[in-house]
Amino acid sequence: MSHCQAENVIKNIIREIGQECAMKGQNVTETLVAFMLEITYFNSVSFQLCVERLLDVKNPSLNTIKMQVYFDMNYTNRVELIREQHRVLDSRLAPVSREITDNRARTREELESVYRKIVSYVLLRSGLGSPTDIKVIREATAALQSVFPQTELAAFLSLSKKEKEQQLKELTMIVTGIRLFNKDNGKGGEGIDDLPMILNEAIPAASHHIDVELHASQHLAYRYTALIEMMHQSRNGDVELGQTMLKEALYNVRQHEAFLCIILSDVITCAQEVELMQKEFAAEMEQINNIVKSKTAVPTSLVYEYLSQRSSSSQPAYQVSACLWDALPSLKRPDKIIDCACERNPSIGVLKHKERYYSFNSKEAAYMFAKRPDKYIKMIAEKAKECAELIQLLELHHQFEYLAPYSQFRMKEKHLLQPISKSDCSTQTDTHILPPTIVKNYEWNEWELRRKAIKLANLRQKLTHSMQTNLSHMRRDNCSQVYLLKDSGTQTKRENSSNVPKPQIFLAGLRGGTPPITRMTKVNLTRAVDET
């Protein structure tokens, strides 16, 4: 079976399980169903058994898995949250940025319209004030005109697209820094919230709320642990069944405790970041005040660098606030939620084995584990096969290579759970967008440049000489004329013939004569040569 066919089979199974659970009144997410299918890889659970486990809402084990999936799919750390906010901000501002960078304004009205769009872009990207508030717009326009007057708009539009986008970001940082400086001096800052005061109130409130939930979970875990230790000494079957349920409930409480500790750690980090940024803000404002003082004009090289730094350092403060408020919705512990490790007593000590740490509920258990650690590690893996929530709780993903963590499963989910969409598209660009800038006399070879330099140096030491002769003196142009060839023919041979005369002689008087004596006459009839 090919990889594509396997993905289609998995998606069909996930869809069927989800529909089966929905028909029985229980809505489950595709992520939860996919994780249950991952568990069946090593537990050989059938389709119907998988559906029954998903429908058992009273089971603490299912509730723990739901909590693990929900936390990992919804809660992100500070770095990921800031990266996601930047991505969302860029995607939302893409149409506005495209209207500015692709604009080919020529008339005065069109240039003014582009300038207003730049002001809106600066306000939207900084997040300081509403772009529809006239007071905020006026303040941002005045700050922008001090660093980017409308007379420079034509030069801005002649830049390339990337250069325009980069300059828009720089203008945003400078204008934001100017507005923050004016707000610190009490001369502006319209629409800018008092972020330090907001964070100083929100962070302690969040920390207190988390501490209350954390202590409640820890108290509940201690009670479950005490009950399990009491029931462990009993051999009654009903008690053992109840002990199994209590252990699953203990896993749930411990998992909830672990997640609360993660959130509390992030909140403390946010508080430290806020305190550090407040000190940096005060120091930078004092430094700018020392530079500006009562001067009416200040060199841009002295101020703009501090203003842009102040703007860039103020952005994480808003992102810290967003990170804090993003953490608060996941603090509420659902009914019947419980989580983390099993019964253990860290005061006994922590054992390190193969770069991993283990704690125990008694000294005897610690001694037994120390003698044969690999054996008990395998037993933990076998126990995790029965209770899948322990894989995430005890971070046993290294023992289950085919079962990925939720964070990795979230990335794989995009390929398994969502269909792959394809579409045909085409793009077209101009043949020559910019005029050619080919330098024909450019030479890349260093040795060729040296030869040319030596040649020019030698020419400086040379003189040009000239001479004339009598024949070349006072030369003039001459012309001559010839007759063109004509067609003619010659003959060197002709045919001719000659004939010699044929000798003819006639003898007369040889017969028929009357006289008694016959007289013969000879007549030469041969013609002359010239008559033939």
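Q: In this predicted model, at roughly what angle do the axes of helix 13 (residues 363–371) and helix 14 (residues 373–386) cross?
A: The model is a predicted one. The axes of helix 13 and helix 14 come within 5 Å. Their crossing angle is roughly 105 degrees.

Q: Is helix 13 roughly parallel or roughly perpendicular to helix 14?
A: Angles of 65 to 115 degrees count as roughly perpendicular. The axes cross at roughly 105 degrees, so helix 13 is, relative to helix 14, roughly perpendicular.

Q: Which residues of helix 13 and helix 14 make the contact?
A: Helix 14 contributes P373, Y376 and I377. From helix 13 the contact takes M368, F369, A370 and K371.

Q: How many nonpolar residues does the contact of helix 13 with helix 14 have?
A: By class, the contact has no polar residues and one charged residue. The nonpolar residues number six.

Q: Why does S207 count as buried?
A: S207 lies in helix 10 (residues 195–232). Buried means under 20% relative accessible area. S207 therefore counts as buried, because its relative accessibility is 17%.

Q: Which residues does S207 touch, not counting residues up to four places away in sequence?
A: S207 is found in helix 10. With residues up to four places away in sequence left out, S207 touches L264 and V267.

Q: What distance separates the end C-alpha atoms of helix 6 (residues 108–126)?
A: Helix 6 has 19 residues, which at 1.5 Å a residue should span 27 Å. The distance between its end C-alpha atoms agrees with this, at 27 Å.

Q: Which residue just after helix 6 takes a positive phi?
A: Buried residues of helix 6 include V122, L123, R125 and S126. Just after the helix, a phi of about 75 degrees is taken by G127.

Q: How far does helix 7 (residues 134–147) reach from its first C-alpha to its last?
A: Helix 7 has 14 residues. At 1.5 Å a residue, 20 Å is expected. The reach from first to last C-alpha is close to that, at 20 Å.

Q: At the start of helix 7, which residue has a side-chain oxygen that reaches the backbone nitrogen of K135?
A: The buried residues of helix 7 include V136 and E139. At the start of the helix, the backbone nitrogen of K135 has a side-chain oxygen within 3.2 Å. That oxygen belongs to D133.

Q: What percentage of the residues of the chain count as buried?
A: The chain holds 17 helices and four strands. Of its 532 residues, the buried share is 32%.

Methods
Residues are numbered from 1 along each chain as its sequence is written. This is a predicted model: local features need pLDDT of at least 70, side-chain atom pairs count only at pLDDT 80 or more; totals for chains, interfaces and linings use all residues. Side-chain values use heavy atoms; hydrogens and water are left out. Helices (H or I, at least four residues) and strands (E, at least two) are DSSP runs, numbered from the N terminus. The expected span of a helix is 1.5 Å times one less than its number of residues. Buried means under 20% relative accessible area, exposed over 50%, partly exposed in between (1.4 Å probe, protein chains only). A polar contact is a pair of N or O atoms within 3.5 Å; within protein, one must be able to donate a hydrogen and the other to accept it, and residues adjacent in sequence count only if both atoms are side-chain atoms. Axes are lines fitted to C-alpha atoms, for helices over the stretch in contact, and angles run from 0 to 180 degrees between N-to-C directions. Angles under 35 degrees count as roughly parallel, over 145 as roughly antiparallel, 65 to 115 as roughly perpendicular and the rest as oblique. Contact means heavy atoms within 4.5 Å. Ala, Val, Leu, Ile, Met, Phe, Trp, Tyr, Cys and Pro count as nonpolar, Asp, Glu, Lys and Arg as charged, and the others, Gly among them, as polar.
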